[in-house]
Amino acid sequence: MPKIQVYNREIPHNSCLVFETIVHRFSSTWHVHRDFEIVYIESGWGHIQYGSGVKAYKAGDLILLGPWIPHEFLEDSLNHHSVSLIFNRDFLVSGFFDSEITKELRDLLDRAIEGMIFHGQDNDYFPFLVRLIKTESGLMQAIHILTLLIQLSVNNRFSIISEHYDYHS
């Protein structure tokens with residue numbers, strides 16, 4: 001098994017980190033981080049290895065990954081453009097996802113431990129919401145992230161990347 005790199009990005013309290021990657025050919029190292037990650041693939045295609053699973057991704061897909069699961073992206077195309085969003089469970093306010101009113105969102109984040117690919121051909125709102133998240137800041141950015149998470153929580157058109165990964169070992 002390859003050595004795992006731990007990414008320890010500093011995310012301001014009650015905030016998130018949003019960044020764009022535009023490269024000729026993209027690949028990442030086998031790594032983990034303590035936060036959730038959403039990656040929207042604007043262009044390109046390849047495979048993600050996540051835990052014990054490997055799945056293909058393509059332009060228009062949105063990938064939701066849980067914390068502490070080793071993963072890497074292996075790009076097959078020569079034209080990669082993605083927007084990544086790194087956030088922790090308390091990015092809005094501590095305990096927000098623990099209330100009964102946010103049960104669907106909590107279930108989504110709990111399910112993210114398996115890795116989820118929401119397929120772009122079924123989700124026209126991804127590019128719109130990602131563009132808003134990328135360009136806004138503060139409260140408006142938080143509202144758009146919450147809107148995206150709500151949309152994902154009611155969407156049943158996704159693939160699981162790694163159902164049987166034992167993240168306790």
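What percentage of the 169 residues of the protein count as buried? The share is 47%, where buried means under 20% relative accessible area, exposed over 50% and partly exposed in between (1.4 Å probe, protein chains only).

The model is predicted, so local features need pLDDT of at least 70 and side-chain atom pairs count only at pLDDT 80 or more, while totals for chains, interfaces and linings use all residues. Residues are numbered from 1 along each chain as its sequence is written, and side-chain values use heavy atoms, with hydrogens and water left out.

**Overall makeup**

The protein has 3 helices and 11 strands. Helices (H or I, at least four residues) and strands (E, at least two) are DSSP runs, numbered from the N terminus. Along the sequence the pattern is β-β-β-β-β-β-β-β-β-α-β-α-α-β. Among contacts (heavy atoms within 4.5 Å) with a separation of 6 or more, 77% are between residues 24 or more positions apart.

An open sheet of 6 strands has the order 2-9-4-7-10-11, with antiparallel pairing. Strand 2 (16–23) and strand 11 (158–160) are the edge strands, each pairing on one side only. From one strand to the next, the twist averages 15°. Two strands pair if DSSP finds at least two bridges between them.

| Strand pair | Sense | Bridges | Residues opposite each other |
| Strand 7 and strand 10 (residues 116–118) | antiparallel | 3 bridges | Ile63 and Ile117 |
| Strand 10 and strand 11 | antiparallel | 3 bridges | Ile117 and Ser159 |

In a regular strand the side chains alternate between the two faces of the sheet. Strand 7 (residues 62–65) is covered on both faces: Leu62 and Leu64 are buried on one side, and Ile63 and Leu65 are buried on the other. The loop between strand 7 and strand 8 (71–75) holds Trp68. Trp68 is not a glycine, yet has a positive phi of about 65°.

**The helices on the sheet**

Helix 2 (residues 125–135) lies across strands 2, 4, 7, 9 and 10, running at about 115° to strand 4. Helix 3 lies across strands 2, 4, 7, 9 and 10 and runs at about 75° to strand 2. Axes are lines fitted to C-alpha atoms, for helices over the stretch in contact, and angles run from 0 to 180 degrees between N-to-C directions.

Met140 lies in helix 3 (residues 138–153). Met140 is partly exposed, with a relative accessible area of 38%.
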